[in-house]
Amino acid sequence: MSQPHPPTGGSFPPRPGPPAGARPGPPLDLGDEPARHPAVDAAVQAMANAATLAPADQIAQYEAAYETLRETLATIDQT
């Protein structure tokens, strides 16, 4: 029995990308509930707003939201 071999030429077929013209949907509806924690609510809203930004700008938004959530959770754990 022979083993399968990788494609000749050392390359693999290209991976499919997103469909042409694909864009993120509208921001999430966060409802009318009162804020449970202002910093968390702000981070969640920033992530929802990031969906409308260019991909390079989305990364910065997500990193900032992550840092806010990490710091907030660390503070909550200390109490």
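I began with helix H1, residues 38-50: its 13 residues reach 18 Å from the first C-alpha to the last, close to the 18 Å expected at 1.5 Å a residue. I noted that I am working with a predicted model.

Next I asked which residues of H1 are buried. I found Ala 43, Ala 46, Ala 48 and Ala 50 on that list. I then looked for what covers the buried residues of H1, and the cover includes H2.

I stepped back to see the whole protein. I counted two helices and zero strands in its secondary structure. Of its 79 residues, 10% count as buried. I also looked up the surface: the protein exposes about 6900 Å², and carbon and sulfur atoms supply 61% of that.

Then I moved to Thr 72, which sits in helix H2, residues 55-78. Is Thr 72 buried or exposed? I put it down as buried, because its relative accessible area is 9%, below the 20% cut-off. Leaving aside neighbours within four places in sequence, I saw Thr 72 in contact with His 37, Ala 39 and Val 40.

My last stop was charge. Side chains of opposite charge can pair when their charged atoms come close. How many salt bridges are there? I got a count of one. The side chains of Glu 67 and Arg 70 form it, at 2.5 Å from N to O. Both residues belong to helix H2 and stand three residues apart, about one turn of the helix.

Conventions: Residues numbered from 1 in each chain as written. Predicted model: local features only at pLDDT ≥ 70, side-chain atom pairs only at ≥ 80, totals over all residues. Heavy atoms only, no water. Helix = DSSP H or I, 4+ residues; strand = E, 2+ residues; numbered from the N terminus. Buried < 20%, exposed > 50% of the residue type's maximum accessible area, 1.4 Å probe, protein only. Areas by Shrake-Rupley, 256 points an atom, 1.4 Å probe, with all protein chains shown as cover. Contact = heavy atoms within 4.5 Å. Expected span 1.5 Å × (residues − 1). Salt bridge = Lys/Arg side-chain N within 4 Å of Asp/Glu carboxyl O.
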